[in-house]
Amino acid sequence: MVSVAQVWDWLAEVPDPEIPVISVTDLGIVRNVALDGETVVVTVTPTYSGCPATSVINFEIETALRAHGVADVRLERQLDPPWTTDWLKPAARDKLRAYGIAPPIDGTRATGVVAGRINRLTGGAFVVPCPRCGSEKTQKVSQFGSTPCKAAYQCRTCLEPFDYFKCI
Amino acid sequence: MTTKADLDKALFEGLCRLGDSTLVLGHRVSEWCGLAPVLEEDIALANVALDLIGQTQLWLGLAAEVEGKGRDADELAFRRDVWEFRNLLLVERPNGDFGHTLMRQFLFDAWHQPMLKALEGSGDSRIAGIAAKAGREVAYHLERSADLVIRLGDGTEESHARMQAALDRLWPYTGEMMAGDSTDAALAEAGIMAAPDSIRPVWDALVAEVLGEATLKAPESTFMHKGGKQGQHSEHLGHMLATMQWLQRAYPDATW
């Protein structure tokens, strides 16, 4: 009989399909693992509502567990509380940076309160250091990057474009 | 006294109003894919559209569950006819130019974000959960659309003129967002959804602030179109649905 701890260890090796250097547990989207009789129940929360990787992630989790000999797998979706980048493990942040993606800067989540943020909207009051050269002379090119979870930035020192994993 | 059946019927309507508005705007915004003025904006538009379609799956999925007739989100999106759609008239307006698309987005986001915030307090935990999820995404939509309305409004003579024209044209479609009917009243009374007019003060303040920064002037006319939430649409929605629903209509239950 498989243990819950064993399943967590296996899940820690399932890569995120978009950013394969981090695992689904690094990302903090696996909310619970439980046993229901012989069935392994994995509860997953989506990153963004429309993220096309969600169904791929579920498929990858199921495939990985089956490869480890788990016959009965059930995936459940949990929306609440909503996923937040605060749940990204510290080690995952280093992996992101090494991969060329600036990790989220905690406490900078968009609130939708535009009042008082207009300076920030037009100028950008928080600094996202370049993941390649470490320069703090960077600028936001677009609020949305290659996927909904990222923003597009450019480094004004090394001139390389890069993705910033934005806070949500 | 409202019965459970009456309330479920109102809830189905309310959920379709939310889900159809995100669906129709999501589809409209996706029409820009490959056509936006610069690559970064093309990607941003596609990402906003993706968020909205994702939220649609949640809202219409719940609507189908509440309805209890065995339909799902896809069936509601692709197999209903135009008069069964409950989206706001604002979101079915054609894209026009890039500035017009952004102005429509901003006027909607300025309503969408505070509405989701209010819905986080819903007595129905399913609605509160979806609103909390969607709200985080929409906060980014609002920041982007407000930012670009300011940049283009307070931009060149050409961009200013286009943004003002977009505002003048879209303004009469904004009132519907804050106008309630008996369905809204029943849902508000039950503590399930926020009354549309409760969003008015926040929307007014936000729009005034951003338009001020953008050096744009809201029209003085108070005439407002309405009817989308009750299924009375402009001719534009039918054309949009003909494109959006074509495959599922021609090849029902197609898989690939």
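My entries begin with confidence and end with the contact between the chains.

**Ground rules.** I am working with a predicted model, where local features need pLDDT of at least 70 and side-chain atom pairs count only at pLDDT 80 or more, while totals for chains, interfaces and linings use all residues. Residues are numbered from 1 along each chain as its sequence is written, and chains are lettered from A and ligands numbered from 1 in the order in which they are written.

**Confidence.** I checked pLDDT (the predictor's confidence in each residue, from 0 to 100) chain by chain. Chain A averages 87, with 92% of its residues at 70 or above; chain B averages 96, and 100% of its residues score at least 70. For the complex I noted an ipTM of 0.86 and a pTM of 0.93. I take a contact as two residues whose C-beta atoms, placed from the backbone, lie within 7 Å.

**Chain A overall.** I counted 4 helices and 7 strands in chain A, using DSSP runs numbered from the N terminus (helices are H or I, at least four residues; strands are E, at least two). From the N terminus on, the order is α-β-β-α-β-α-β-α-β-β-β. The C-alpha trace of chain A spans about 55 × 35 × 25 Å along its principal axes. Of its 168 residues, 35% are buried, meaning that 20 or more other C-beta atoms lie within 10 Å of the residue's own; 12 or fewer makes a residue exposed, and anything in between partly exposed, with C-beta atoms placed from the backbone.

Strand 1 (residues 30-36) and strand 2 (residues 39-44) of chain A run antiparallel and are joined by 6 bridges; I call strands paired if DSSP finds at least two bridges between them. A:L35 has A:V40 in strand 2 of chain A as its bridge partner. The hairpin has 2 residues between its strands, and A:G37 takes a positive phi near 65° there.

**The open sheet.** Next I traced 4 strands of chain A in the order 4-7-6-5, with mixed pairing. Strand 4 (101-102) and strand 5 of chain A are at the edges with a single partner strand each, so one side of each has no neighbour in the sheet. Strand 5 pairs with strand 6 (residues 150-155) of chain A in the antiparallel sense over 4 bridges, and A:Q139 stands opposite A:Q154 in strand 6.

**A proline to look at.** A:P90 lies in helix 3 (residues 90-99) of chain A. Is A:P90 buried or exposed? I logged it as exposed, because it has 8 C-beta neighbours inside 10 Å.

**Where the chains meet.** I found 23 residues of chain A in contact with 32 residues of chain B. On the chain A side, helix 4 (118-122) and strand 5 (138-142) are the elements giving two or more residues, and helix 4 of chain A gives the largest share, 3 residues.

**Helix 2 of chain B.** Just after helix 2 of chain B, B:G68 takes a positive phi of about 65°.
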